Amino acid sequence: MTEQDTAASAVDPALRDRLVDSIRDLLPQVLKREVTGVTADTALMDALGLSSTTGLELVLELEERLELEISVEELGRDDFGTVGSLAEYVAGNLLTEA
């Protein structure tokens, strides 16, 4: 089992589901077009045409909507593979208030 597998298994499933729903809700706003049929398995870049710029905008909108702070230090292209992979990353990389 890799370190990433361990981190993914430690993610709260309820938080992940909430993040998937929020990402789905924000996609039309970020992509500036109607987006339908999105699931956790939907490919963000390949299926929806998400770019690095719109990906960053999506993360910022997610922070604002959920009033969370997300560590983007390790955020990479692979994390934008699917709606679910982005939700996993966010759930595992939340910053807590000091």
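I began with Glu 67, which counts as exposed at 73% relative accessibility (buried means under 20% relative accessible area, exposed over 50%, partly exposed in between, with a 1.4 Å probe and protein chains only). I found Glu 67 in the loop between H3 and strand S1 (69–70), where helices (H or I, at least four residues) and strands (E, at least two) are DSSP runs numbered from the N terminus. I noted that phi of Glu 67 is near 55°, a positive value in a residue other than glycine.

For the record, this is a predicted model, in which local features need pLDDT of at least 70 and side-chain atom pairs count only at pLDDT 80 or more, while totals for chains, interfaces and linings use all residues. Residues are numbered from 1 along each chain as its sequence is written, and side-chain values use heavy atoms, with hydrogens and water left out.

I then looked up Lys 32, whose phi is also near 55°, a positive value in a residue other than glycine. I placed Lys 32 in the loop between H2 and H3, and I recorded Lys 32 as exposed, with a relative accessible area of 64%.

Next I turned to helix packing. I took H2 and helix H3 (residues 52–66), whose axes come within 9 Å and cross at roughly 125°; axes are lines fitted to C-alpha atoms, for helices over the stretch in contact, and angles run from 0 to 180 degrees between N-to-C directions. H2 and H3 are therefore oblique to each other, given that angles under 35 degrees count as roughly parallel, over 145 as roughly antiparallel, 65 to 115 as roughly perpendicular and the rest as oblique. From H2, I listed residues in the contact including Arg 18, Asp 25 and Leu 31, and from H3 residues including Thr 54, Glu 61 and Leu 66 (contact means heavy atoms within 4.5 Å). By class, I have nine nonpolar, three polar and five charged residues in the contact of H2 with H3; Ala, Val, Leu, Ile, Met, Phe, Trp, Tyr, Cys and Pro count as nonpolar, Asp, Glu, Lys and Arg as charged, and the others, Gly among them, as polar.

Last, I looked up helix H2 (residues 13–31) against helix H4 (residues 83–92), and their axes come within 9 Å and cross at roughly 125°. H2 and H4 are therefore oblique to each other. I noted that the contact takes in, among others, Leu 15, Arg 16 and Val 20 of H2 and Val 83, Gly 84 and Glu 88 of H4. By class, I have 10 nonpolar, one polar and two charged residues in the contact of H2 with H4.
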